[in-house]
Amino acid sequence: MQLNPSRIIEVGMGFWASKTLLAANKLGLFTLLAENGALGVAQIKTALSLNGKSLQDFLDALHALGFLEREGLNDAARYSNTPETAAFLDKQSPQYMGGFLEMANDREYLYWANLEEGLRTGKPQNEAKETGQESFKAIYSKEEHLKVFTEGMSGIQAGSFNAFSDAFDFSETSTLLDVGGSAGLLSAMVAAKHPHMHCTTYDLPELTPYVEHMRQHFNVVERVTIHNGDFFEEDFPQADVITMGNILHSFDLEKKQQLLQKAFHALPPGGR
């Protein structure tokens with residue numbers, strides 16, 4: 001059998017493709033094309049205030065990766081979104097998830113560069129490395145980190161939250177508590193789709209402005225309550241349904257069990 005190194009090369013140099021997509025999203029390329037339709041290289045250069053050097057190569061790479069459509073070649077080339085980038089990477093689209101890619105670009109990309117240090121030392125390589133704080137508190141300590149992280153989480157979770165809001169049977173319940181609710185997206189979606197539900201989003205006080213925006217966006221101010229606090233330091237408010245907004249994976253087994261125990265005590269008989 002002849003051995004083939006292509007998979008090794010594909011994965012080993014995969015950051016080339018990754019960073020190409022992340023940069024295009026960060027620059028607002030897909031939103032620009034959604035607003036204007038197909039554009040040429042010179043138009044894109046002007047609209048995004050780019051230098052222009054290697055821009056056509058950049059756009060052709062995005063086309064080769066399947067993220068742009070292209071008509072014509074060289075100076076006559078015009079670029080437009082694919083159906084996927086139009087749906088998921090246009091900031092005006094209701095399905096927009098580019099915030100998660102912005103977080104990957106501004107936060108994750110840098111920290112993953114230190115993976116070998118983390119493996120050698122066993123110590124976190126994220127914000128906790130700089131601040132000495134628990135991961136979420138470290139993220140929340142700087143407004144620019146908090147904004148990127150919160151918008152990223154909302155972007156990647158929107159599809160799952162929407163599906164959960166549709167699929168879960170809320171007919172026998174009236175209250176929901178989302179522990180680690182971040183910007184309050186899950187609570188807002190459930191309240192918007194189920195008018196009998198009153199939801200509480202539970203997280204640190206730094207998230208309050210983001211929840212306020214989300215409550216108003218979904219027009220559910222009266223049925224989404226903000227509960228500020230540290231869920232490790234206090235008991236959970238009681239609710240018929242308790243969800244945990246993608247937090248368990250961030251903690252060790254002892255803390256996972258602690259949170260699940262708190263949830264158990266806060267639920268009524270038959271709670272979920």
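**Entry 1: Thr31**

I looked up Thr31 and listed its contacts, where contact means heavy atoms within 4.5 Å. Leaving aside neighbours within four places in sequence, I found Thr31 in contact with Leu89, Asp90 and Lys91. Thr31 lies in helix α3. Helices here are DSSP runs of H or I with at least four residues, strands are runs of E with at least two, and both are numbered from the N terminus. Is Thr31 buried or exposed? I noted a relative accessibility of 11%, so Thr31 counts as buried. My cut-offs are these: buried is under 20% relative accessible area, exposed is over 50%, and partly exposed is in between, with a 1.4 Å probe and protein chains only.

I must remember that this is a predicted model, in which local features need pLDDT of at least 70 and side-chain atom pairs count only at pLDDT 80 or more, while totals for chains, interfaces and linings use all residues. Residues are numbered from 1 along each chain as its sequence is written, and side-chain values use heavy atoms, with hydrogens and water left out.

**Entry 2: Leu32**

I moved on to Leu32, which is also found in helix α3, residues 29-36. At 12% relative accessibility, Leu32 counts as buried. Which residues does Leu32 touch, leaving aside its neighbours within four places in sequence? I found Leu39, Ile44, Ala47 and Leu48. Leu32 and Phe264 are 232 residues apart in sequence, and their C-alpha atoms are 48 Å apart in space.

I traced what α3 lies across, and I found β1, β2 and β3. Helix α3 runs at about 100 degrees to β3. For such angles, axes are lines fitted to C-alpha atoms, for helices over the stretch in contact, and angles run from 0 to 180 degrees between N-to-C directions.

I read the strand order as β1-β3-β2, an open sheet of 3 strands with antiparallel pairing. The edge strands are β1 and β2, and each pairs on one side only. Two strands count as paired if DSSP finds at least two bridges between them.

Then I went through the pairs. Strand β1 (residues 39-40) is joined to β3 (residues 78-81) by 2 bridges. In this pair, Gly40 stands opposite Arg78. Strand β2 (residues 68-71) pairs with β3 over 4 bridges. Glu69 has Ser80 as its bridge partner in β3. Glu71 stands opposite Arg78.

How many residues lie between β2 and β3 in their hairpin? I found 6, and Gly72 in the turn has a positive phi of about 85 degrees.

**Entry 3: the parallel sheet**

I found an open sheet of 4 strands in the order β6-β5-β4-β7, and the pairing is parallel. Strands β6 (224-228) and β7 (241-244) stand at the edges with a single partner strand each, so one side of each is left without a neighbour in the sheet. On average, neighbouring strands of this sheet are turned by 20 degrees against each other, direction ignored.

Strands β4 (residues 175-179) and β5 (residues 198-203) pair in the parallel sense over 5 bridges. Val179 stands opposite Tyr202 in β5.

**Entry 4: two positive phi values**

Ser54 has a phi near 70 degrees. I placed Ser54 in the loop between α4 (41-48) and α5 (55-64). Its relative accessible area is 45%, so Ser54 is partly exposed.

Asn219 has a positive phi of about 60 degrees. Where does Asn219 lie? I found Asn219 in the loop between α13 (208-217) and β6. Its relative accessible area is 68%, so Asn219 is exposed.

**Entry 5: the whole chain**

Last, I noted the totals. The chain has 14 helices and 7 strands. Its C-alpha trace spans about 65 × 50 × 45 Å along the principal axes. Of the 272 residues, 40% are buried. I also looked at contacts between residues at least 6 apart in sequence, and 60% of them join residues at least 24 apart.

The chain exposes about 15400 Å², by the Shrake-Rupley method with a 1.4 Å probe. Carbon and sulfur atoms supply 55% of that area.
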